[in-house]
Amino acid sequence: MQSGVIISNTRLQGDYFKVTFYTPEICATAQPGQFVHVKIANMEEHILRRPFSICNVSGSGELEVVYKVVGAGTEVLSKLPEGTLCDLLGPLGKPFQAPAADEVPVLLGGGYGAAAMFMLTEKSAQPGVVLLGARSKNDLLLIDDYKQSGFEVRLATNDGSSGIKGLITELLPPLFADYAGKKLHFYACGPMPMLLALCRILPEKGYPEAEVSLDHLMCCGVGACFACVVKIKADNPDGFRYARTCSEGPVFAAKDVYLGE
Amino acid sequence: MADLTTKLGALTLKNPVMTASGTFGYGFEYNKFYDIAKLGAVVVKGIAPFPSHGNPTPRVAETACGMLNAIGLQGPGIDKFLHGKEYMPFLRTTNATVIVNIWGKNVADYQEVARRLEQDKTGIAALEINISCPNVKAGGIAFGTDPVLAKEVVSAVREVTTLPLITKLSPNVSRIGDFAQAVVAAGSDMISLINTLTGMAIDINKRTFKIANKTGGLSGPAIKPVAVRMVYEAAQAVNVPIIGMGGIVSGDDAVEFLLAGASAVAVGTAIFADPYVPLKVIDGINAYLDKHGFNSVQDIIGLVK
């Protein structure tokens, strides 16, 4: 368990914020796709930690988290000033595998899922592509950051306010056409319906090892309580088992995700 | 430094702080943070004769100063528990005092899992019979809210094991003393309480239950006064060691349970917020004893009448 002093906490846009903690030990080992489990200061009546994907870390010990205000925890977090001390557990969870030197990384980020994959931009030998999807242009995050990292950015919004009008999955056919002959390594993070759709589509297209980051209401964060489980295919009469997203995930191979009810 | 050892019948613990079943996994998960042998005992998550999926999700919801859970006893089953490397074989590599929590859907299941553990009991200090899980449809609390059934389960387990037996009682009854007496009469060497209180929470925006199982077990600081009261009542009703739990987050909380009549305590939900809480509780009990001039934990057990 580490302390994390908030060194900045600012609104990116709308309900989206970026908080930066100073926490050198966690930064030293954090890998793309991992998370930190945060005991948010000033909310003693709320007994549980809140998990946040790590967006980026710096060599000087700064850890960035991008979050949306969705409930009591993120509401309090969004109001914490610089200098506030929180305690952090991490880095936790199974990370994404870095792309091989001959692979073009393709990142699919739905909403603030874009943040959970950002560290991959520094792990890839060649520039990749990031497909971002959201309800509307105000929900698209980190576009400039991805561009600055050399990634090609393609956008989709439900209302057509930015990029194509439609779902993120509709960006795939042109991508396959444009990158024909290249070796692609897919990564995805976003809302569950999007991820389940990708777990169907990507293995069919020949990418069973596509990596998806799943999560569910989390409690202990270290594999002890079995709260945050998702259905993963298993060799038993039911065809699935409940796997803990905190310790067996959050990253799973698309081919392993159980798609039945 | 006060003497922290405590006696639970034939079992002596190095200190009175255990983990509550279901909140500490199988020990493996927290041994990454510290040596789990520092604890009085590690009580593992419930083991049945069969593997079990547990309940659909969502399984937890935070509530004021507490939480609801309906995990539904997801678990590996006895075969994997005895042979899977992250379960009993791992625990045998530690110096931890291990207590195995057991459950089943019927009396025969309880007996079966106890019999299997008896055959392979190296490294197992005691069994804890779970007759109080509110979140499984068959077994669990069905046995814990009917004194006749409770007695039947405990007797059946007693027949097949020589290990010390703890029976974990449900708070979802009106007279806890009756249940304490029933399980002790059936051969339980001691009792632990409380398990969670059945509760419910509704998401008013989605207009759904917050937990897929509709109801869940309430735990955390919110339930501590109920737990202290029930430990006190149980201590008046029976003359066996009591393991008290429910909302403990500090040494002072633990002392309350000891004063009410518990010989040991368990930390549960607080571990989710801070894995180190059990160690802090041990230190806190010691600090209390030193500050008030007590030489030993034994000196304060049941001191408040």
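In the predicted model, helix α6 of chain B packs on helix α7 of chain B through Ile176(B), Gly177(B), Ala180(B) and Gln181(B), which meet Met230(B), Glu233(B), Ala234(B), Gln236(B) and Ala237(B) of α7(B). Residues are in contact if their C-beta atoms, placed from the backbone, lie within 7 Å. By class, this contact of α6(B) with α7(B) has five nonpolar, three polar and one charged residues. Ala, Val, Leu, Ile, Met, Phe, Trp, Tyr, Cys and Pro count as nonpolar, Asp, Glu, Lys and Arg as charged, and the others, Gly among them, as polar. The axes of α6 (residues 176-185) and α7 (residues 224-237) of chain B come within 8 Å and cross at roughly 50°, which makes α6(B) oblique to α7(B). Angles under 35 degrees count as roughly parallel, over 145 as roughly antiparallel, 65 to 115 as roughly perpendicular and the rest as oblique. Axes are lines fitted to C-alpha atoms, for helices over the stretch in contact, and angles run from 0 to 180 degrees between N-to-C directions. The crossing of α6(B) and α7(B) is right-handed (the near helix is turned clockwise from the far one by less than a right angle). Helices (H or I, at least four residues) and strands (E, at least two) are DSSP runs, numbered from the N terminus.

Residues are numbered from 1 along each chain as its sequence is written, and chains are lettered from A and ligands numbered from 1 in the order in which they are written. Because the model is predicted, local features need pLDDT of at least 70 and side-chain atom pairs count only at pLDDT 80 or more, while totals for chains, interfaces and linings use all residues.

On α3(B), the contact is made by Val107(B), Tyr110(B), Gln111(B), Ala114(B), Arg115(B) and Glu118(B); on α5(B), by Glu152(B), Val153(B), Ala156(B), Val157(B) and Val160(B). Seven of these residues are nonpolar, one is polar and three are charged.

Chain B also holds an open, antiparallel sheet of four strands in the order β5-β6-β14-β11. Strands β5 (60-63) and β11 (197-200) of chain B stand at its edges, each with a single partner strand, so one side of each is left without a neighbour in the sheet. Four bridges join β5(B) to β6(B) (residues 66-69), and Glu62(B) has Met67(B) as its bridge partner in β6(B). Two strands pair if DSSP finds at least two bridges between them.

In chain A, seven strands form an open sheet of mixed pairing in the order β11-β10-β9-β8-β12-β13-β16. Its edges are β11 (164-165) and β16 (251-253) of chain A. Strand β10(A) (residues 152-157) pairs with β11(A) in the parallel sense over two bridges, and Thr157(A) stands opposite Lys165(A).

The domain assignment of chain A, from an automatic or database source, gives domain 1 (2-92) and domain 2 (104-215). Their contact takes 13 residues from domain 1 and 11 residues from domain 2 of chain A.

Note on methods. Two residues are in contact if their C-beta atoms, placed from the backbone, lie within 7 Å.
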